[in-house]
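Visitor: I have a structure to look at and have not seen it before. Could you walk me through it?

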Amino acid sequence: MKLHPTLTNVCCLALFAFFFGLNAQAESTEPSAQVTGVASYRERIAVPPGAQLEVVLADVSRMDAPSETLGKAVQENVGQPPYAFAIPYQPERIIPSHRYAVRARLTVGSRLLFTTVTMYPVITNGNPSDVKLMLKHVGR
């Protein structure tokens, strides 16, 4: 069965639009923005080999509920500070009236060595997208 040339063109255009639409939708779910910064600590303590830095971007708007993670950056075998990081996130998930913050942890295996103890606000309410984090040593 042979299709009319106009019908064939319409079908091709419909398929093109369908696949292009799916591709555009898939691209919109990819992170296209990022929070950047540097994490460091003041103590003169060398980090053991195998240390891991985890930096998280979270929505901290709701006081009565756990924060929602919007992005995370993990670095293995980080060595000594300072540690530069970039956390990718989807800008369409940002709600202008919400509050967002970055927190970080430096671990070796399951042992926590350093963590942030201060809130570092980012993105909304005039806050920057580039932050300097100060980690505090966690005693045994």
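**Surface and overall layout**

Guide: The protein has an accessible surface of about 9200 Å², and 58% of that belongs to carbon and sulfur atoms. Accessible areas come from the Shrake-Rupley method with a 1.4 Å probe, and for residues only the protein chains shown count as cover. This is a predicted model, in which local features need pLDDT of at least 70 and side-chain atom pairs count only at pLDDT 80 or more, while totals for chains, interfaces and linings use all residues. Residues are numbered from 1 along each chain as its sequence is written, and side-chain values use heavy atoms, with hydrogens and water left out.

Visitor: How many helices and strands are there?

Guide: There are 1 helix and 8 strands. Helices (H or I, at least four residues) and strands (E, at least two) are DSSP runs, numbered from the N terminus. Along the sequence the order is α-β-β-β-β-β-β-β-β.

Visitor: What share of the residues is buried?

Guide: Of the 140 residues, 29% are buried. Buried means under 20% relative accessible area, exposed over 50%, and partly exposed in between (1.4 Å probe, protein chains only).

Visitor: Which residues have the most contacts inside the largest nonpolar core?

Guide: Those are Leu57, Val102, Leu106 and Leu133, in a core of 28 residues. A nonpolar core is a set of buried Ala, Val, Leu, Ile, Met, Phe, Trp, Tyr and Cys residues joined through side-chain atoms within 4.5 Å. The elements giving two or more residues to this core are β1 (33-41), β2 (52-59), β3 (68-76), β4 (83-89), β5 (100-108), β6 (111-116), β7 (120-122) and β8 (130-137).

Visitor: Why would a core like that form?

Guide: In soluble globular proteins, nonpolar side chains tend to be buried together.

Visitor: And what is leucine 57 in contact with?

Guide: Leaving aside neighbours within four places in sequence, the contacts of leucine 57 include Val35, Leu70, Ile87, Val102 and Val122. Contact means heavy atoms within 4.5 Å. Across the protein, residues 24 or more positions apart account for 65% of the contacts with a separation of 6 or more.

Visitor: Different topic. How many salt bridges are there?

Guide: The whole structure has 2 salt bridges. The term means a side-chain nitrogen of Lys or Arg within 4 Å of a carboxyl oxygen of Asp or Glu. One joins the side chains of glutamate 54 and lysine 72, at 3.7 Å from N to O. Glutamate 54 is in strand β2 and lysine 72 in strand β3, so this pair ties together parts 18 residues apart in sequence.

Visitor: What about glutamate 68?

Guide: Glutamate 68 forms a salt bridge with arginine 93, with the closest N and O atoms 2.4 Å apart. Glutamate 68 lies in strand β3 and arginine 93 in the loop between β4 and β5, so the pair ties together parts that are 25 residues apart in sequence.

Visitor: Is glutamate 68 buried or partly exposed?

Guide: Partly exposed, at 38% relative accessibility. Arginine 93 is also partly exposed, at 32%.

Visitor: Where is aspartate 59?

Guide: Aspartate 59 is in strand β2 and is buried, with a relative accessible area of 10%. Its side chain makes a polar contact with the side chain of histidine 98 at 2.7 Å. A polar contact is a pair of N or O atoms within 3.5 Å; within protein, one must be able to donate a hydrogen and the other to accept it, and residues adjacent in sequence count only if both atoms are side-chain atoms.
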